[in-house]
Amino acid sequence: MFTDFKSDSFMFLIVLGVIIFVCAQALFFMKKAWTRGLELGITKDKLKNAVTSSAIFSFAPAIGIAITVITLSVALGYVLPWIRLTVIGAIQYETIAAIGALEAVGMETGLSQPVTDPETFSAIAWVMTLGSILPLILIPIVLKKIQKGVSDVASKNSKWMDVMTAAAFIGLISAFIGRGLAGTGKAEEAIIGDGAGVLSLTALITSIGFMIFFTLINRRLKKNWIEALAMPLSMVLAMIFVVLINSFLPEIAAIEWRY
Amino acid sequence: MNKNYMDKVHTYGRVSCVLSLIFFLCIPLAISLHFNVWPSLSVVGKGLASLIIFFVTGIVEVVAYSPMLGAGGTYLSFVSGNIMNLKMPCAINAMENAKVKANTEEGEVITTIAIAASTITTTIIIAVFVLIFALNPKFSEVMSSDTFAPAFQQVTYTIFGSLAATYFVKHWKISIFPIIAVTILLLFVDPGIGVLIPIGVIFSMVGAHIMFKLKKV
């Protein structure tokens, strides 16, 4: 497996460099924010809570991302998808980007056949990298201006800004809720659960239900750990429900009204 | 907000973005050098042309997400990726737990810490699981089997379902319109989540603005 040129020791050296780079950058920003947080009077408990709840929260989605690496590994080996999904990449885009890159180099078989030619592999690496770096060019140029504009508006009309910020979050959440209710899947690929149906609705309803349940419990017990774990627990329990329905009621689980 | 701190965040962020850019470009360069193969410009150009939608969504994402992620959170998120399915909900959840608002310095601090913690955790978990999958193909088969794969396929809905429970209950008046509008739109056309998010945000902000003007919120 590791004798394949796509997953040789050199490729592993690159991914090791990526991991060190990304973690060092995150630690640097975290340290600066932590120090500033203490200066602002935010308690250590609140800061610790932000770290632990975010770390626990990220667990299940991270496994989902690792599974996407496996999906892409047939064609591209383990390392390139691993790098792509550790930096810049997004689970929603990366498969499409890989297929686009494979087709561009003349591999119409998509992700089902391994890339055997180093030149093709190198072309794919270039396409996938160049195709995703635009935000890294834009952000250093425009971010300060965007933040200044937002900050100016916030200082002039803070109530309106609060409503607009909440509305922006709600708009984002609505897009995903809407997809769970009425999003279309890929009929030609016949993947169970990619269109709105019983599974997406189960995931939505059970996660909402568990989250409300934990919120109510926390209102009564007022424990920091419940607050920190409420969301990751709701997610995992909802996923267990999806597995149960899919295992015990497969005919019902396969129902999709938008495919 | 403290200008001194924010100015420093932007300076660090800009330097880290440029470093990241150079580092990421070195990856395909290193692959080409290592294998001594140089793909033709026409092949790379053709590939990039097929990814044109990513350039458009890249611009939209920077404008749409950065006010919600904060400065430090934006610099970190756009380097480590998986923004809308992981970093953004993580930041929203952390702000809710810490009871701080976006676009305040407290919000800036909490989102930066949350996104940094999420980035480190995600990077380590991906590394551990990819190695387990690679060394033990049977485990990989189980995780991507018909039994478990649907659960991971629905993970995004479990994230946003949980978030909706806290956010919609708190702001139900401005939540009804965007959900209905997005769902109705999806009945006619599904533009993909990358396009749907800015549409949802616009629907939501327009609806909230009207309600604010009518003094309903």
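Me: What share of the 217 residues of chain B counts as buried, and what makes a residue buried?
Reply: In this predicted model, 56% of the 217 residues of chain B count as buried. A residue is called buried because 20 or more other C-beta atoms, placed from the backbone, lie within 10 Å of its own; with 12 or fewer it is exposed, and in between partly exposed. For chain A the buried share is 53% of 259 residues. The model is predicted, so local features need pLDDT of at least 70 and side-chain atom pairs pLDDT 80 or more, while totals for chains, interfaces and linings use all residues. Residues are numbered from 1 along each chain as its sequence is written, and chains are lettered from A and ligands numbered from 1 in the order in which they are written.

Me: What makes up the secondary structure of chain B?
Reply: Chain B has eleven helices and zero strands. Helices (H or I, at least four residues) and strands (E, at least two) are DSSP runs, numbered from the N terminus. Chain A comes to ten helices and zero strands.

Me: How do you know which residues of chain B are in contact with chain A, and how many are there?
Reply: Two residues are in contact if their C-beta atoms, placed from the backbone, lie within 7 Å. On that basis, 131 residues of chain B are in contact with 133 residues of chain A. Helix 6 (residues 105–135) of chain B gives the most to that side of chain B, with 22 residues.

Me: Among contacts in chain B between residues at least 6 apart in sequence, what percentage joins residues at least 24 apart?
Reply: The figure for chain B is 64%.
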